[in-house]
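Please examine the sequence and the structure before reading each solution.

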Amino acid sequence: MHVHDWILNETKKRTLHFSLFDPDPKKMQLIEKKIKLVGEFGTDAILIGGSTNVSKKSAEKIIYFANQNKLPSILFPGRINGVSKKASALLFMSLLNSRNPKWITGIQAEAGLMIKKADIETIPMGYIIVEPGGKVGKVGKANLIKRSEPEKAVGYAIAAQLMGMKLVYLEGGSGILEPIPEKIISCVKKELNIPLIVGGGIRTPKQAEKIAKAGADIIITGTVSEENVENVREIIRAIKKTKKWAMLMKSA
Ligand code: 1GP
């Protein structure tokens with residue numbers, strides 16, 4: 001089954017959890033162990049990040065680890081390198097609130113032919129950065145959405161949907177101290193008919209539960225696996241406490 005169809009099917013029933021790893025060639029042994037662990041904890045997919053200069057070889061190592069644990073591997077590239085057709089899918093994204101067209105359509109145009117030839121499943125995604133935005137907000141020259149302005153985030157998310165994108169990702173920035181406010185998530189979710197991904201600064205089960213309850217369909221964690229991978233177990237448990245999960249268990 002295609003990854004996009006799988007996401008649509010699953011998010012109708014429950015909130016998903018994806019684990020994000022940056023393929024740092026110096027940390028491969030550690031990453032292999034962590035992917036095994038998050039797989040045991042019940043993560044749903046491995047996202048392969050691209051904030052660093054990702055090589056195809058290191059991306060393919062992560063794809064291999066994900067395969068070993070029977071998890072889909074999804075590329076989440078920041079640039080055009082690191083694209084491997086061995087991955088299950090690629091998030092073909094546009095940083096909608098960037099001031100620089102390079103991040104909205106520029107890199108996409110540069111990479112288009114190469115990605116077409118790779119013949120990989122691509123999922124078009126609107127990427128929207130909320131303050132503080134972290135490194136990706138700075139590098140991507142984002143006109144950050146203020147934490148007090150949910151309507152701005154709603155506008156970008158609806159625009160993504162109307163332009164035919166299949167996913168919306170609300171990003172707070174990797175390693176930020178407080179995740180995106182629930183108010184922004186719930187306002188966006190209310191107006192959206194496509195799955196909503198939320199990430200950035202999610203470190204505790206309580207935060208994850210609140211974000212799931214606010215309406216996130218997919219929760220991403222990255223830094224917490226570096227800091228204390230055991231927390232991912234509790235985060236996944238907390239997500240499973242949400243209403244969608246309770247309904248699923250009832251009908252089983
Ligand atoms: C970054 O949203 C993700 O793109 C993950 O953020 O590293 O803070 O979990 P963290």
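**Exercise 1.** Determine how helix H7 (residues 182-191) and H8 are arranged, given that their axes come within 8 Å and cross at roughly 25 degrees.

*Solution.* Helices are DSSP runs of H or I with at least four residues, numbered from the N terminus. Axes are lines fitted to C-alpha atoms over the stretch in contact, and angles run from 0 to 180 degrees between N-to-C directions. Angles under 35 degrees count as roughly parallel, and H7 is therefore roughly parallel to H8. The crossing of H7 and H8 is right-handed, a term for a near helix turned clockwise from the far one by less than a right angle.

The model is predicted: local features need pLDDT of at least 70, side-chain atom pairs count only at pLDDT 80 or more, and totals for chains, interfaces and linings use all residues. Residues are numbered from 1 along each chain as its sequence is written, and side-chain values use heavy atoms, with hydrogens and water left out.

**Exercise 2.** Describe the packing of H8 and H10.

*Solution.* Helix H8 covers residues 205-214 and helix H10 residues 230-239. Their axes are 8 Å apart, at an angle of about 30 degrees. H8 and H10 are therefore roughly parallel to each other, and their crossing is right-handed.

**Exercise 3.** Identify which protein atoms lie 2.9 Å from an oxygen atom of the ligand.

*Solution.* One is an N or O atom in the side chain of tyrosine 169. Another is a backbone N or O atom of glycine 200.

Note on methods. A polar contact is a pair of N or O atoms within 3.5 Å; within protein, one must be able to donate a hydrogen and the other to accept it, and residues adjacent in sequence count only if both atoms are side-chain atoms. Helices (H or I, at least four residues) and strands (E, at least two) are DSSP runs, numbered from the N terminus. Angles under 35 degrees count as roughly parallel, over 145 as roughly antiparallel, 65 to 115 as roughly perpendicular and the rest as oblique.
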